[in-house]
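Keep the structure open while reading.

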Amino acid sequence: MINFQYTRANDVADAVRQIAGNPNAKFVAGGTNLIDLMKMDVERPNKVIDITRLPLKQVENTPGGGLRIGALVRNTDVAYHPLVEERYPVLASAVMAGASHQLRNMASTGGNLLQRTRCHYFYDIGTPCNKREPGSGCSAIDGHNRMHAILGASDGCIAVHPSDMCVALALLEATVHVSSASGDRVIAFSEFHRLPGDTPQRDTNLNAGEIITAVELPPKGFAKNYTYLKIRDRLSYAFALVSVAVGLELDGDTIKEGRFALGGVAHKPWRDPQAEAELRGQPANAATFARAADVLLHDAKGYAHNTFKIDLARRCTVRALTQAARGTPQSQSAKKIV
Ligand SMILES: Cc1cc2nc3c(=O)[nH]c(=O)nc-3n(C[C@H](O)[C@H](O)[C@H](O)COP(=O)(O)OP(=O)(O)OC[C@H]3O[C@@H](n4cnc5c(N)ncnc54)[C@H](O)[C@@H]3O)c2cc1C
Ligand code: SF4
């Protein structure tokens, strides 16, 4: 373990003051990702700023009819919050599909957005990895790439973003509220995570010195016709091979609005406006869903060990859309076992 300075922040202003001008400092919230990365020598901060005492633990209604979730609300508390369960059940389902109860009890909303990829080469400091060490190469492209991207990858990196919660937040078109020494700003969820391009070391558009203070959900929650479907190598405690969040607004059997977002397939939660356009005004049936899935996967590209994901993503998309249309979501937040 490396030597580092440990400090506590008292409020948001104190936190941003403590991190300003130090690109090697890191905030720590639940610590479920950062501490593992430090133990494995992947992250080497010279200063760790504990933000767990900041007053960012509220879930509140917004004047516009949405919901504001503080950055330090634990994943468990998001999933079991009555307003989330009632108005945004796709978010509750997605959170409950991630990690384990113990981890969700520790993990924070802000930390979930900023968790790093699970590409095993990223964690293995004995191998080249452009995300960990820019310019060193990508071991996954010609290596073991079963879990890797089929959409939006680059020659520099084919990693995927591992979060379940973020797939639902992309679907719901959340916004991310951030603060820094130079003020506050709001980032659309679609702009928060990045594709790897030639800068895979940057996962997000969060700037150095910025802290996430909250995630805000707009009023539309698709509480009636939704689903979160996650396919993984075992039934729990595993990252997604493919996951799909769906929200439909139906008028009888006709789709007024249809959205879907995929996890486990790209460097960010994946939405495709053209594929969603295939749903609008169409009957909610298998042919419509198959057309949308075909558009979504038109440009998908597999590597030696993950080509199966293209067909898996297609079938998952059709199944998730079908479940949502029938009002029979795959997974609901399980009853309290905390
Ligand atoms: C064994 C295991 C299995 C898992 N399985 C899943 C899974 O199936 N699905 C899933 O979605 N996740 C899974 N996770 C990941 C887990 O959800 C994340 O580790 C967790 O959400 C991170 O939150 P945290 O509060 O612990 O973050 P931390 O580890 O404290 O921080 C993570 C990063 O975020 C930064 N950070 C934290 N809060 C803020 C803030 N407010 N502002 C700015 N920066 C901040 C930190 O500096 C750090 O870089 C798993 C984790 C483990 C260990
Ligand atoms: S896929 Fe990305 S994270 Fe994995 S080895 Fe390649 S550069 Fe590193």
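A salt bridge here is a side-chain nitrogen of Lys or Arg within 4 Å of a carboxyl oxygen of Asp or Glu. The model is predicted. By this rule it holds 21 salt bridges.

**Salt bridges across the chain**

Start with Asp203 and Arg116. Their side chains meet in a salt bridge, 2.9 Å from N to O. Asp203 sits in the loop between H10 and S8, and Arg116 in the loop between H7 and helix H8 (120-123), so the bridge ties together parts 87 residues apart in sequence. Asp203 and Arg116 are both buried.

Next come Arg146 and Asp233, whose side chains also meet in a salt bridge. This pair links distant parts of the chain, 87 residues apart. Arg146 is in the loop between H8 and helix H9 (165-172). Asp233 is in the loop between strand S9 (225-231) and strand S10 (242-251).

Glu210 and Arg185 form another bridge. Glu210 lies in the loop between H10 and S8 and Arg185 in strand S7 (residues 183-188), so parts 25 residues apart in sequence are tied together. Buried means under 20% relative accessible area. Glu210 has 10% relative accessibility and therefore counts as buried. Arg185, with a relative accessible area of 32%, is partly exposed.

| Asp203 | Arg116 | 2.9 Å |

Which residues are joined into one network by salt bridges that share partners? They are Glu173, Lys220, Glu249, Lys256, Glu257, Arg259, Arg271 and Glu276.

**The ligand site**

Ligand 1 is surrounded by 33 residues. The closest are Phe27, Gly31, Thr32, Ser108 and Asp164. By class, the shell divides into 16 nonpolar, 12 polar and five charged residues.

Four elements each supply at least two shell residues: strand S2 (25-28), helix H2 (34-39), helix H7 (109-114) and strand S8 (211-217). H7 gives the largest share, four residues.

Now the polar atoms. The side chain of Ser108 places an N or O atom 2.6 Å from an oxygen atom of ligand 1. Backbone atoms take part too. A polar backbone atom of Ile212 is 2.9 Å from a nitrogen atom of the ligand. A polar backbone atom of Ala238 is 3.5 Å from an oxygen atom of ligand 1. How much of the accessible area of ligand 1 does the protein cover? The protein covers 93% of the 970 Å² that ligand 1 has on its own.

**Aromatic pairs**

The count of aromatic pairs comes to two. Phe122 and Tyr123 have ring centres 5.7 Å apart and planes at 85°, so this pair is edge-to-face. Phe122 and Tyr123 are both buried.

The pair of Phe189 and Phe192 is stacked. Its centres are 6.4 Å apart, with 20° between the planes. Both residues lie in helix H10 (residues 189-192). They are three residues apart there, about one turn of the helix. Phe189 is buried, as is Phe192.

Notes: Residues numbered from 1 in each chain as written. Chains lettered and ligands numbered in written order. Predicted model: local features only at pLDDT ≥ 70, side-chain atom pairs only at ≥ 80, totals over all residues. Heavy atoms only, no water. Near = heavy atom within 4 Å. Polar contact = N/O pair within 3.5 Å; in protein donor to acceptor, adjacent residues only side chain to side chain. Areas by Shrake-Rupley, 256 points an atom, 1.4 Å probe, with all protein chains shown as cover. Nonpolar A, V, L, I, M, F, W, Y, C, P; charged D, E, K, R; others polar. Phe/Tyr/Trp six-rings, centres within 6.5 Å; stacked < 30°, edge-to-face > 60°. Buried < 20%, exposed > 50% of the residue type's maximum accessible area, 1.4 Å probe, protein only.
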